[in-house]
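Open the structure in your viewer and keep the selection tool at hand. The stops below say what to select next and what is there.

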Amino acid sequence: MANPVFSWYFSHRTALSGRLRRAVLFRRALWFRRLLQGWGWMVAACYWGFLIWAAPVLAAPPTAGPPSSASALFGQTPAKQGLPPAAGGVVLLAAGDLRGEIKPCGCAPTGQQGGLPRRLTMFQGQYGRPLMNLPDGPPDGPVLVDLGNNFPPPSDQGVLKAGLIQKMLRLYLPQAVLPGPNELAYGPAALDKHLPYLISNDSAGRRFAASRTLTRLVTPLKGPPRRVEIHIYGYLSPRLVFQEFDESFHLEPVDFLLKSLAKAPKTQPANPRPHPAAILLFRGEADELALLDQSGLFDLILSGNPSEDETRQITSRRVAEREYPQVATKGQAVTVITLPMRLFPPEAGLPIAGQPVSGKTVGGVGGDKPSAAKPGAKQGQGKGQAILEAAPSGSSIRLEWLGDGFADHPAAKLPYQDYDRQTARLFFARLDIQEKTKLTSPYLGAEGCGSCHPHQVQVWKTSRHGGAYKALEKVGKQFDPECVACHTAGYERGGFLSQDLTPHLAGVQCENCHGPGRRHSQNPSVKTGGLTKAPKEAVCGACHVGSHSPAFDLPTYWPKIAH
């Protein structure tokens, strides 16, 4: 006799299986809804968004087409295509010596050059340099080095500038940075550990790398592309840095560096150089440079700029009848160096700087003769201006002047806005300290001068000096202490405090040039000083200086404010 339970199951199993499937689907839908109600909606949205974005790419055949818009934006082509190898050699881009000039500014835009936002545009746009690259850079891209001395002299605002400069350096990430005296004046602790600072003559070896080794893909004029090695060293003279109380680093003289490189393994018995292609970033004095060059250890010695005068750019350095390239001061240009293919022959042996090669002598720039330039002459401001040309081997050195042809890179906007907020906080912090001096200020203000000198004050009101503070407000720099100092009367000298507290001292006024006038107003026999003790050139030059007023000419400017 058949079991009634089994008979009922077999007669209804189709309906039961359908109910079971529906129950399972219902429970899954309920679980998915609960997941979406929590954080899971984000995961699901990313998953479906990825499928929608990737579907055309996964379905398309692998063809070599033009770069996508995203790739063009960041100066890259798709990974399968890669950037073309450097033709005829390796391109090296060098800058440095900002000395705190983070961005060009002044009363007239004509002739203003430099600034980190423009440098970023030049690196990325002209040479396909992507943002936030690998520490060693792309294997088929240029080599980026920085000669340091970028920080301003130590101060409260200098600390803010140092932070901004290092943020900007991390955006394009140079492969080597030689810290200068200005950086070490803040102490090694102030240096960003994510930036490749190196000093090869540091015997302590705790904070700085001794060298960097890079690999690049180059294309010979004949033959297939191949990879070459470039070794970068840095020398910072101990004569330039006070280091008695800092044990984290200890700079040694030239002999230390030469002995340490002599201990390195040699590529060939006849070759005293430890590596195939060696570059030295140098900051020091002439006798040190001569000793390093005479060692024959380096193919290229690139010098930092000892000058602070950006109105008379000297972009080469002559020592013992030999010419060496040096970066432009105040960061106004980028030095573009093409290292010739003869530095990277298939065999290990390479020409040595200062020794005969094919009947010629290798110059200080890696060419077959010392490079010729005109030291002391103001260099051209056009793009691609050639300043040093090596012999027929193909090595060349030229400058890219960072004029208004290079727009500020959008990536610089947020770091600079953050810097402006920090300087505003610094401004108001100083204001609390200085407010108590308001009642004892020696400054009177232009309106106080007008009771006895009405004609002169009327001329001042119609001049650009009278609207100098409004010019700051237009560009949002009214809280930047360095800018306020030249656009107000007596800032940080007992005069201007803020637009709210001392509006009568805003702008470039009588007392900027003639000196504090309160005592003179109380007793006319008391002279204010100012112009009676200094010529016009010295007084005007306190603000109309360098890149802040590159077109300044006293005979031209004085008639505009003559009174």
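Select Cys-486 and Cys-543 and show their side chains: the link between them is left-handed, with -100 degrees about the S-S bond. In this predicted model, their sulfur atoms lie 2.4 Å apart and form a disulfide. A search of the whole structure finds one disulfide.

Cys-486 sits in helix H13 (residues 481-487), while Cys-543 is in the loop between helix H16 (536-540) and helix H17 (554-557). The pair links distant parts of the chain, 57 residues apart.

Cys-486 counts as partly exposed because its relative accessibility is 26%. Cys-543 is also partly exposed, with a relative accessible area of 31%.

Cys-452 is exposed, at 63% relative accessible area. Then go to Cys-483, which is buried, with a value of 17% relative accessible area.

For the last stop, select helix H7 (residues 254-262) and helix H8 (residues 286-294). Their axes are 10 Å apart and the helices pack at an angle of about 15 degrees, which means that H7 is roughly parallel to H8. The crossing of H7 past H8 is right-handed.

Show side chains here: Val-254, Leu-257 and Leu-258 in H7 meet Glu-288, Leu-291 and Leu-292 in H8. Of the residues in this contact, five are nonpolar, one is charged and none is polar.

How values were computed:
Residues are numbered from 1 along each chain as its sequence is written. This is a predicted model: local features need pLDDT of at least 70, side-chain atom pairs count only at pLDDT 80 or more; totals for chains, interfaces and linings use all residues. Side-chain values use heavy atoms; hydrogens and water are left out. Axes are lines fitted to C-alpha atoms, for helices over the stretch in contact, and angles run from 0 to 180 degrees between N-to-C directions. Helices (H or I, at least four residues) and strands (E, at least two) are DSSP runs, numbered from the N terminus. Angles under 35 degrees count as roughly parallel, over 145 as roughly antiparallel, 65 to 115 as roughly perpendicular and the rest as oblique. A crossing is left-handed if the near helix is turned anticlockwise from the far one by less than a right angle, and right-handed if clockwise. Contact means heavy atoms within 4.5 Å. Ala, Val, Leu, Ile, Met, Phe, Trp, Tyr, Cys and Pro count as nonpolar, Asp, Glu, Lys and Arg as charged, and the others, Gly among them, as polar. A disulfide is a pair of cysteine sulfur atoms within 2.5 Å. Buried means under 20% relative accessible area, exposed over 50%, partly exposed in between (1.4 Å probe, protein chains only).
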